[in-house]
Amino acid sequence: MVSPGCLRQPGDTIPLIVGLNIGFVDSVLFVGLRRVCVVKGRVISMNRKASESPDAEEHLSRLMVGQSPAMSEVMTMIRQVAQYPTTTVLLQGESGTGKDVVAHAIHALSSRSTYPFVDINCAAIPETLLETELFGVEAGAYTDAKASREGYLLRADGGTLFLDEVGSMPLVLQAKLLRFLETRSFRRVGSTKEMHVDLRVISATNVDLEAAVASRAFRDDLFYRLKVITIYLPPLRERLEDIEPLVDYFIQSYNNGSEIPLRIHPDAMGLLMRYHWPGNVRELRSVIQRGQILCEDGEIRPEDLPESVRYVEKSDQQRLRELQAQMHLPIEGLDLRAYLAGIEQIFVREALERYQGNQVRAAALLRLSRDQLRYRLPKE
């Protein structure tokens, strides 16, 4: 039975902590009584799933910016995973693609959203300290342990633990993490007492964990335990249609409190669309922030962008011209038609990959009609 005291009244609020890079506090309004149950002293809703509420959808739209098919698929996965609050999730993608944002979004849309979101960067903490930071330490466990201290697992009880750069975790600690995932119990360093917590584990990495498993740098049993659900975040260069909405989002963010509304010149936007973005969304945000500081009259122009962005097209074209200058006809001659066809296939394949198979956009990039492009496609 549920104690009447556990029921929230209409108008009550629950703190919801989410964020892009720094946390911000919002609240979810209860508009009527809802059926709840108590699990380990926690009030858990048994009515509408968290990810189906209008408030949750609004949070998702604020956290996740993008209109490409790839990002639509990521957002669909977020909604689905959020409905299962005990499932472990592995986020994979290059640095700067927004893995931390996806982790926050899963937490925000789940029934755990009223409890803590605790993140730990496994690569930023020395190996000798990572175990005590994760599991906690008992007083007297070692010379400097004057008092017992809780670890990240206990702080995340009820909510979500986000293990960023999990591929950097030492092998010895990987075994202990695996045991925790199997039993949901752990011992503080220096203690024999078992402690139990109820939380979801989301991990993230920008390295190839399968290759790490093959080289025995990462445990295969832990890898399969972490990847119950895997969400891949594509690099920004593979979803160029997301650049403009992301730029608009960052401009609106930097407009807060500004006397002159920030905007971007079309020529500057064109340069952003042609850049390859090795730093992904994080780099784009920094470029817009730089432009805000350097621009005059509130408009970001090409000269306000970094040199790497301004001259990328020129440098690519220059490299092609240099390659052409280095080419010479072999003494024995060559099959010119086959050689040129090979070069053509390389560019056709890259254009199609850049636009996820969209033939119209790939043809435009190559200054071809769609029919001309289709003629050059490999015959099946």
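Reply: The side chains of D198 and R112 form a salt bridge, with 2.9 Å from N to O. The term salt bridge denotes a side-chain nitrogen of Lys or Arg within 4 Å of a carboxyl oxygen of Asp or Glu. D198 lies in the loop between β9 (195–196) and β10 (200–205), while R112 lies in the loop between α3 (99–109) and β6 (117–121), so the pair ties together parts that are 86 residues apart in sequence. Helices (H or I, at least four residues) and strands (E, at least two) are DSSP runs, numbered from the N terminus.

This is a predicted model, in which local features need pLDDT of at least 70 and side-chain atom pairs count only at pLDDT 80 or more, whereas totals for chains, interfaces and linings use all residues. Residues are numbered from 1 along each chain as its sequence is written, and side-chain values use heavy atoms, with hydrogens and water left out.

The two partners of the bridge described above may now be considered in turn. R112 is buried, at a relative accessible area of 6%, whereas D198 is partly exposed, at 24%. Here buried means under 20% relative accessible area, exposed means over 50%, and partly exposed lies in between (1.4 Å probe, protein chains only).

A further salt bridge joins E182 and R225, whose closest N and O atoms are 3.6 Å apart. This pair links distant parts of the chain, as E182 belongs to helix α6 (residues 171–183) and R225 to helix α8 (residues 220–226), 43 residues apart. E182 is exposed, with a relative accessible area of 52%, and R225 is partly exposed, with 22%.

R376 and E344 also meet through their side chains in a salt bridge, at 2.8 Å from N to O. Distant parts of the chain are again linked: R376 is in helix α16 (residues 370–376) and E344 in helix α14 (residues 336–354), 32 residues apart. R376 is partly exposed at 23% relative accessibility, and E344 is likewise partly exposed at 31%.

The structure holds 13 salt bridges, and the chain has 16 helices and 13 strands. Of its 380 residues, 39% count as buried. Among contacts (heavy atoms within 4.5 Å) between residues at least 6 apart in sequence, 67% join residues at least 24 apart.
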